[in-house]
Amino acid sequence: AKTASLSGGNAQKLLLGRVFYHDSDVLVIAHPTRGGDVGAIEYLHKEILNMAKRGKAILLVSADLDEIRQLSDRIVVLYEGSLVYETPALSTTEKELGMYMAGAFNKDESKVVGL
């Protein structure tokens with residue numbers, strides 16, 4: 001009841017605090033920093049990296065390609081329900097990821113068209 005009056009950003013912080021408190025071994029985190037302020041974003045990034053260092057399995061879903069590249073070991077791109085690209089996070093570019101996300105790849109070879 002009291003949480004209903006929280007802003008979206010504060011409700012998000014409360015939810016993430018609950019996740020951190022329960023210390024789960026597997027986490028699915030979707031758009032963790034959407035709408036957050038700079039301080040909150042830095043804190044969340046640090047906590048996500050700390051959880052990974054402690055051996056937690058984390059599935060991060062985000063539209064922020066910088067965030068994905070900074071926080072991930074591996075990146076997987078799904079397009080129309082199919083896995084079309086998988087790579088170590090630091091071995092790809094935002095442009096390449098964006099092309100796979102937009103479906104600009106040869107379906108037979110799974111290679112980006114025009115790169």
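1. **Basis.** The model is predicted: local features need pLDDT of at least 70, side-chain atom pairs count only at pLDDT 80 or more, and totals for chains, interfaces and linings use all residues. Residues are numbered from 1 along each chain as its sequence is written, and side-chain values use heavy atoms, with hydrogens and water left out.

2. **Helix 2, length.** Helices (H or I, at least four residues) and strands (E, at least two) are DSSP runs, numbered from the N terminus. Helix 2 covers residues 38–53, 16 residues. At 1.5 Å a residue it should span 22 Å, and its end C-alpha atoms are 23 Å apart, which agrees. The expected span is 1.5 Å times one less than the number of residues. Just after helix 2, G55 has a positive phi of about 90°.

3. **Helix 2, faces.** Buried means under 20% relative accessible area, exposed over 50%, partly exposed in between (1.4 Å probe, protein chains only). A40, L44, H45, E47, I48 and M51 are the buried residues of helix 2. They cover an arc of only 165° around the axis, which puts them on the same side of helix 2. The arc is that of the directions from the helix axis to the C-beta atoms. V38, E42 and K53 are exposed on the other side. The buried residues pack against helix 1 (8–22), strand 1 (26–30), strand 2 and helix 3.

4. **Cores.** A nonpolar core is a set of buried Ala, Val, Leu, Ile, Met, Phe, Trp, Tyr and Cys residues joined through side-chain atoms within 4.5 Å. The largest has 10 residues, including L65, I75, Y85, L97 and F105. Helix 3 (65–71), strand 3 (74–79), strand 4 (82–88) and helix 4 (94–101) each supply at least two of its residues. A second, separate core of nine residues includes I29, M51, L60 and L71.

5. **L97.** Contact means heavy atoms within 4.5 Å. Beyond its neighbours within four places in sequence, L97 is in contact with L65, R69, I75, V77, Y85 and T92.

6. **S62.** This residue sits in the loop between strand 2 (57–61) and helix 3. S62 counts as buried because its relative accessibility is 13%. Its side chain reaches the backbone nitrogen of D64 at 3.0 Å. A polar contact of 2.7 Å joins the side chains of S62 and E67. A polar contact is a pair of N or O atoms within 3.5 Å; within protein, one must be able to donate a hydrogen and the other to accept it, and residues adjacent in sequence count only if both atoms are side-chain atoms.

7. **P88.** P88 is in strand 4. The C-alpha atoms of P88 and R74 are separated by 4.3 Å, at 14 residues apart along the chain.
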